[in-house]
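My notes follow in the order in which I went through them.

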Amino acid sequence: MSIQSRKERERAQREKLIITAALELAEAEGWEAVTTRRLAERIEYSQPVLYSHFKGKDAIVAAVAVEGCADLAVELRAARTAAPDATSALARISAAYVAFADRRPALYDAIFNQTVDLPFATPEAPAALHAAFDELAAAVGPHANGADLGLLTETFWAALHGLVTLMRGGRLPREHHDTRLALLLERFTGTPADPGRTL
C-alpha cells in the first residue's frame, strides 16, 4: 500500500470515528451536547485535527445526516421489496419510516430536524438523499394516477414526517398513530383504512 493510500485510509477512518462519536453523544445527551470540544475529547484528537476534517458542528451533523439517509434507504428498500403488492408496499414503507424514527431518534433528527448545509431536493444532493427519496417514490408511484410523482412523493413524505414529529413531540397521542397512518394510506391508495391490518 502506498503512503498516499494509507493516509487516505487513515483520514477516512478518522472521519468515520468523528461521525460515530457525534451520533453516540447525540443519542446519549441530545444534539445540543455535541460540541467540537467534547468530540475532540471523546475521540482523543485535538480540535485542530477535528477541524481538518470538518468545518464545525454543522458539517459533522451533515455527514451524520448523509450516513443516516443511506441507512434509511436500505430499510425502506427492504420494506418495499418484501411487499406482495403496491398497497402493501406503501404501508410497509410507511411503517419502516416510522420505526426508523422511533428506533433512531438522534439520527432521524440529524437528517430532518437539525440545520445542515445539504442541498435537499436538488440534483446536487448527495446520492444517499436521492436513494431514500427514490424508495419513497417507488412506493408512491403506483398510486400517482397521473400526478407529478416528485411532488406527490414530497407530499406523502411531509405527511409521514409530520405524523412522526407531532407524535414524538407529544402533540399527537401515540395510541392513535396506527389509525392516523391507516387514514393517510387510504387517501393515497384508495384502499379503506384498517389500522389493525397485518402488513
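This is a predicted model: local features need pLDDT of at least 70, side-chain atom pairs count only at pLDDT 80 or more; totals for chains, interfaces and linings use all residues.

**Entry 1: the ring pairs**

With that cut-off in hand I looked up Phe-156 and Phe-188, and I found that Phe-156 is buried and that Phe-188 is buried as well. I then searched the whole structure for aromatic pairs and found six. I took Tyr-97 and Tyr-108 to begin with, whose rings lie 5.7 Å apart centre to centre with 85 degrees between the planes, an edge-to-face pair. Tyr-97 belongs to helix H5 and Tyr-108 to helix H6 (residues 105-112), so this pair ties together parts that are 11 residues apart in sequence. Both tyrosines, Tyr-97 and Tyr-108, are buried.

**Entry 2: H9 and its partners**

I next asked at what angle helix H5 (residues 86-103) and helix H9 (residues 177-189) pack. The angle is about 140 degrees, with the axes 11 Å apart, and that makes H5 oblique to H9. The crossing of these two helices, H5 and H9, is right-handed. On the H5 side I listed Thr-87, Leu-90, Ala-91, Ser-94, Ala-95 and Val-98, and on the H9 side His-177, Leu-181, Leu-185, Phe-188 and Thr-189. Sorted by class, the residues of the contact between H5 and H9 are seven nonpolar and four polar, with no charged ones.

Turning to H8 and H9, I found that their axes come within 11 Å and cross at roughly 170 degrees. Angles over 145 degrees count as roughly antiparallel, and H8 and H9 are therefore roughly antiparallel to each other. Among the residues of this contact I noted Leu-152, Phe-156 and Met-167 from H8, and Arg-180, Leu-184 and Phe-188 from H9. The contact of H8 with H9 has 10 nonpolar residues, one polar and one charged.

**Entry 3: H7 against H8**

I found H7 and H8 packed at about 105 degrees, with their axes 9 Å apart, and the two helices, H7 and H8, are therefore roughly perpendicular to each other. From H7 come Phe-133, Leu-136, Ala-137 and Val-140, which meet residues of H8 including Leu-149, Glu-154, Phe-156 and Trp-157. I counted nine nonpolar, two polar and one charged in the contact of H7 with H8.

**Entry 4: positive phi in the loops**

I placed Ala-121 in the loop between H6 and helix H7 (127-140), and at 71% relative accessibility Ala-121 counts as exposed. Asn-145, likewise a residue other than glycine, has a positive phi near 50 degrees. Asn-145 lies in the loop between H7 and H8, and its relative accessibility of 71% means that Asn-145 counts as exposed.

Conventions
Residues are numbered from 1 along each chain as its sequence is written. Side-chain values use heavy atoms; hydrogens and water are left out. Axes are lines fitted to C-alpha atoms, for helices over the stretch in contact, and angles run from 0 to 180 degrees between N-to-C directions. Helices (H or I, at least four residues) and strands (E, at least two) are DSSP runs, numbered from the N terminus. Angles under 35 degrees count as roughly parallel, over 145 as roughly antiparallel, 65 to 115 as roughly perpendicular and the rest as oblique. A crossing is left-handed if the near helix is turned anticlockwise from the far one by less than a right angle, and right-handed if clockwise. Contact means heavy atoms within 4.5 Å. Ala, Val, Leu, Ile, Met, Phe, Trp, Tyr, Cys and Pro count as nonpolar, Asp, Glu, Lys and Arg as charged, and the others, Gly among them, as polar. Rings of Phe, Tyr and Trp (its six-membered ring) pair if their centres lie within 6.5 Å; planes under 30 degrees apart count as stacked, over 60 as edge-to-face and the rest as tilted. Buried means under 20% relative accessible area, exposed over 50%, partly exposed in between (1.4 Å probe, protein chains only).
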